[in-house]
Structures are given as structure tokens and as C-alpha cells.
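Morning, everyone. I have one model to walk through today, so let me put it on the screen.

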Amino acid sequence: MEVVKQPVPDIQREPRKKFWTPHRKEALIGWLFLTPEIIGMLFLNVFALGFSLYLSLSKWDLLTGVKGIEFTGFDNYVKLFHDPTIIQAVKNNLIYMILTVPIPIAIALVLAVLIQNSVFFKDYFKVAFFIPYISSIIAVAAVWSALFHPSLGPINQFLMDIGISNPPKWLVDPKTSLLSIAIISSWASLGYTIIIYMAGLTNISNEMYEAADIDGAGPLKKFFSITIPMLRPTTFFLLITMLIGSFKVFDVIAYLTEGGPNNSSMVLVYRIYEEGFVYHNMGYASTISWLLFGIIGIITALTWKMRNED
Amino acid sequence: MQLIRKNMSKAIITVFMGALSIVFLIPLVWMVSAAFKYEKDVMRFPIQWIPEKINVAYNFKTVWMGKVPFYEFYFNSFKIAIITTIITLIISSMSAYALTKINFKGRNFVFLGLLSFMIIPDQATLIPRFLLVRWFGLYNTHAAIIFMSMFSIYFTFLLRQFMIGISDEFVEAARIDGAGHVKIFLSIMVPLCKPVLATVAIIKFIWTWNDYQNPLIFLLDRDLYTIPLGMTLFRDDFTNNYAIMMTAAVSAIIPLLIVFIALQKQVINGIALGGVKG
């Protein structure tokens, strides 16, 4: 009896008295500081992903209200893999990726090295190449829509002037619409890629180049055996962000071609937009969203694996 | 001798790169020159870089005070971009402070959680976001766009990177003096972070100003339109009147150019910071 009586009151009193220990106070304040961001993330990511997964397994015309949601299992996913515009969109996304990632990265690398080491007025070049990136992409798209005008546009007038009688029709021709979009986006984002590379270049120590100088290495040799290998982390960063970015292309296409002509510039995000906000098929639009999410997940995983194997 | 040769090659490359940069900027030069022209002169070839007949007053009057009123889009864009930027600064800097200077269990868990959300593309959650906005009764309001863009994990990470570099001793010394976290955050951390906060503010402002997708999805009424969305109206109302369209494009870009040229160091360094460390 005695043994029980003595310790019990102590144990019960202690936690009540010291509930707000400095540790707990600190934790409470920490969570309070994080609350706005966490609430935002719960709504916009956690809830949104869960709800989108549910919708992707349902058929729902927005206009019928919440009651109209009809659970249909994997029907949408089956439809997805037999939908010719989706197959076309994935194909276009892949072509667009090939056009807008490796070539701009290579061009930006060369320009960044030249600007960093071999020009006067370095600041001018930084700014000049960066201006399109900060300019409104829609305003820039409007400019290019005029430049690319098939008969009156300055580009084709110039091409005809130098003797090309049948210049490409750019945005209005199924054969060249996606290429035109790729040119516009690459032009607009080149400055960003250059700036990232220039930041990477400042991290390479001069000693390596000096040592190479002593060995009598020429500029090309130095570029290939010092600059490129030392920039690998930067290249990796650009590769992963640009690969993912290429799958998110939307603005220029929504403004200039709406996926046309004849689906030649149709991409997944535009398809989500069209299915959801033009045709109100929220279920199927969510299914396409999950396809997009899946593809981006695969790209992220593959590039990570690539890096770790290096 | 070697120095002269080095400078010679540098000069040659500068000339070559200068020419390249001009070719690169031609679309924007053409845009500005078109904004000065009469409609019929815009597409004349060879291009008149400096127009013979100038119609700039009419063009700007039509764009700014015409039936598609640019001043309204301007006002809307400024309002949304400024409010969004301020809220983003508050939310992201508070999170970054908690993630670096407040010691508690679960901090790393939150950090990893946020990190993993970064791979979720906005576009994949477009549909549920739209439904959320409708259920909150925010559809067709500026609040919808602000709500969609005010949370930014990217900037939280940028600020976190910067705050890691600030010695914990500042915080510990203030704690010993009896200051609470709110006070330390406001009177020590915020002033120390001024340069990076300025960078975040400029970049966020530019991105929000240029956003097309959110206004396209969440706004219905013309008088709520932002500038990028307003550009669509010009395209529809002035088809083939490229003088008007280019005047609108110039008007859309000018504030960004002013911000950028005045603060280019912060913008460029901020972008580079995100690329190297983020």
C-alpha cells in the first residue's frame, strides 16, 4: 500500500505543472511559423492530389454538380491509352523536349563561356540575353506571331528575298507549328540558361586553367577537359528542370495555336485545359493530369539515377 | 605581346557576340518600331527600322483608352502582383525562419515534406485547384489568383539557403536577452535578410505579372483581366492590326524592363542563386 501511494501523486502532478516546457513552447512556435505554408500545401497539393486521383477514376461533367460524380474505376485510364489525341500529345511533348532541351543547353553553354572569359562589356551581354526571359511570354508570343506571319511576316519576306520561294508557313502549318513554338520558347528562356551556366563557371577555380596553360593546353582542350566536366552539376540541374519544364509548356500554345493546326502542337497540359475547362470533363481531365504527373515522376527518377551512376 | 594578342581576340569575339546579341534582340526592336508605325507600314518589306510616318500617339491612345482598356489591365496586374509578392514574402520567410532557427522535432519532417511537394507540377493539380476555388466562392475574383500563387516552396528554399548562412549566435544571444521568436524574426532576421528578400520580391513580382495560366482559368469578366490575358483581347479585337498589338506588347513589357534594368544585379543573382544551390 505504502509503495503505491507515494509515487502516484508525483507522476500525476509533474506533467500538469510542466506541460509548457521550453521544448514544447519552442515546438509550438515553430509550427505556428510554418502554419500558413502547411495549410497552403495541404489544400493545393495533398488534398488536390487525392481529389484528383478520385476524379481520375470517375466520370464527371462539371455542369451536373457534385452529385453527378460517377465512379467508373479504370475506364478513364483505358480510354487514355486508346485516345489518339493523347498519343499525339505525348509524342509532341517528346519532340518538343528534344527541340527545347539539348540544343538550347549546348548553345547557352558556349555563350556563357564566351561571355564569362572572352568579351568586353560582360554586363551588357548578360542583360541583352536575359531581357526576353523577364519579358512577358504572352507579349513576346504576340511579337513572334507577327514575325512568323506566313505571307506578310518579316521572316518569310526575308526568306523570299534571298531566293527561297516556298518558305515554311510556321505556326499555321502542321509540319512546323511545334518547331515554331519551340523556337519561341527557346529564344525566351536562353538567357536563364546562360545565367545559370555563368553562375556555375564562377565556381571553377582558376588554378585548374593555369595548370592546363602550363601543360600547353589550347582553349578547346580546356573547354572539353576542364569546363564541361566541372560544370556537370550545373548541367544536371538544368537538364532536370528543363526536361520537366518542357512537359509543362502551356502559355505559348494556349495563346498562339490552341494545340492546332490539326493537333500538330497539342501537348498534355493543353489537353488537360481543353478537356477540363472547355468540355467540362473533370474526370477525364484528371486522368490526363495523372499521366502528366507520372511522366514527370519517371523523368525525375531517371535523371536522378543517371546522376548517381555517374 | 601576349596581352595584345589576348585583347585582340577578345575584341574580335566581342564584335561577333555583339552582332549575335543584336540578331537575338531583333524581335524586340521590331516590336518597338512597329508600335510607332501606321498599320499599313508594319509589314512593309524591307523593314523600316525607323519609321517614316509616325503614328505612335494614336496607337497608344487606342491601346490605353480604347474599347479594350489597357489601364484597367495595368491596374489589375499591379494589384495582384504586389499583393501576391507581399504575402509570399511573409509566408516564405516565416517558414524559412522556422526551418532554420527554431529547434523542434518535426522540423526536418516538414522540410522533407515540402521538398517532395516540389516535384508535383502545378498543372497536374489544375482541376482540383479550380474546384477548390469554386467551392470557396472565389471563382472570377482576384483573390483566386492571389491564393493560387502566394504559396511558394521555391522561395521558401531560397530564403532557407540564405538563413542557414546567418550565424545561430545572433538568435541565441537575443534569446538569452529574453527576446521571443517573433521579435527576433522581425527585428534581427528580416533586416539581415533584406538583400535576399528584395531579390525574392522582384522575381516573384515579375513571375506574377507574367502569369497567364491562372488568370485564364480563374477570371471571366473583362474588367478583372490582367495584362497577359488582355493581350488575348487585343489579338481578337485587332486581328492583323499589328501596330496596335505591338503597342500593347510594348506596354506589357515596359514595367518589367524598368524594374529589371534598375535592379538587374538582384534579379540575375537571385536566379543564379536558385540554380546553383536550390
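Start with A:His280, in the loop between α15 and α16 (282-309) of chain A. This is a predicted model, so keep that in mind throughout. Most residues other than glycine have a negative phi. The relative accessibility of A:His280 is 23%, so the residue counts as partly exposed.

Step back one loop, to the one between α14 and α15 of chain A. A:Glu258 sits there. Its phi is near 50°, again a positive value in a residue other than glycine. A:Glu258 has 47% relative accessibility and therefore counts as partly exposed.

Look at the bond leading into it. From A:Gly260 to A:Pro261 the peptide is cis, with omega near -10°. Most peptide bonds are trans.

Next, helix packing within chain A. Take helix α12, residues 219-230. Which of its residues are buried? They are A:Lys222, A:Phe223, A:Ile226 and A:Thr227. Viewed down the axis of α12(A), these buried residues fall within an arc of 125°, so they line one face of the helix. An α-helix has 3.6 residues a turn, so residues three or four places apart point the same way. On the other side of α12(A), A:Leu220, A:Lys221 and A:Phe224 are exposed. And what covers the buried residues? The cover includes α6 (102-117), α10 (177-201) and α11 (206-214) of chain A.

A:Thr100 belongs to helix α5, residues 84-100. Is A:Thr100 buried or exposed? Its relative accessibility is 9%, so A:Thr100 counts as buried. The side chain of A:Thr100 reaches back to the backbone oxygen of A:Tyr96, at 2.7 Å. Setting aside neighbours within four places in sequence, A:Thr100 is in contact with A:Ala182, A:Ser186, A:Met242 and A:Ser246.

Now the interface. How many residues does each chain bring to the contact? Chain B gives 89 and chain A gives 92. The size of an interface is often given as the accessible area lost when the parts come together. Here, about 8,100 Å² is buried between chain B and chain A, and carbon and sulfur atoms give 80% of that. On the chain B side, B:Phe24, B:Phe45 and B:Ile127 lose the most area to chain A. Together those three make up 9% of what that side buries.

What about polar pairing across the interface? Between chain B and chain A, 12 residue pairs are in polar contact, with both residues at pLDDT 80 or more. Helix α1 of chain B, residues 2-35, gives the most to the side of chain B that touches chain A: 15 residues. By class, that side of chain B has 62 nonpolar, 20 polar and seven charged residues.

How many salt bridges cross between the two chains? The rule finds one. The partners are A:Glu26 and B:Arg175, with their closest N and O atoms 2.8 Å apart. B:Arg175 is in helix α9 of chain B, residues 168-176, and A:Glu26 is in helix α3 of chain A, residues 22-56, so the pair joins two chains. Compare their surroundings. A:Glu26 has a relative accessible area of 13% and is buried. B:Arg175 has 34% and is partly exposed.

Last topic: salt bridges over the whole structure. Side chains of opposite charge can pair when their charged atoms come close.

Two examples from chain B. B:Arg129 pairs with B:Asp122, the closest N and O atoms being 3.4 Å apart. B:Arg129 counts as buried, at 7% relative accessibility. B:Asp122 counts as partly exposed, at 42%. Then there is B:Asp236 with B:Arg235, at 3.3 Å, N to O. Here B:Asp236 is partly exposed at 44%, and B:Arg235 is partly exposed at 22%.

Which residues does it link? A:Asp83, A:Arg271, A:Glu274 and A:Glu275.

That is the tour. Questions, please.

How values were computed. Residues are numbered from 1 along each chain as its sequence is written. Chains are lettered from A and ligands numbered from 1 in the order in which they are written. This is a predicted model: local features need pLDDT of at least 70, side-chain atom pairs count only at pLDDT 80 or more; totals for chains, interfaces and linings use all residues. Side-chain values use heavy atoms; hydrogens and water are left out. Contact means heavy atoms within 4.5 Å. Buried area is the accessible area (1.4 Å probe) that two parts lose on being put together, summed over both. A salt bridge is a side-chain nitrogen of Lys or Arg within 4 Å of a carboxyl oxygen of Asp or Glu. A polar contact is a pair of N or O atoms within 3.5 Å; within protein, one must be able to donate a hydrogen and the other to accept it, and residues adjacent in sequence count only if both atoms are side-chain atoms. Helices (H or I, at least four residues) and strands (E, at least two) are DSSP runs, numbered from the N terminus. Ala, Val, Leu, Ile, Met, Phe, Trp, Tyr, Cys and Pro count as nonpolar, Asp, Glu, Lys and Arg as charged, and the others, Gly among them, as polar. Buried means under 20% relative accessible area, exposed over 50%, partly exposed in between (1.4 Å probe, protein chains only). The arc is that of the directions from the helix axis to the C-beta atoms.
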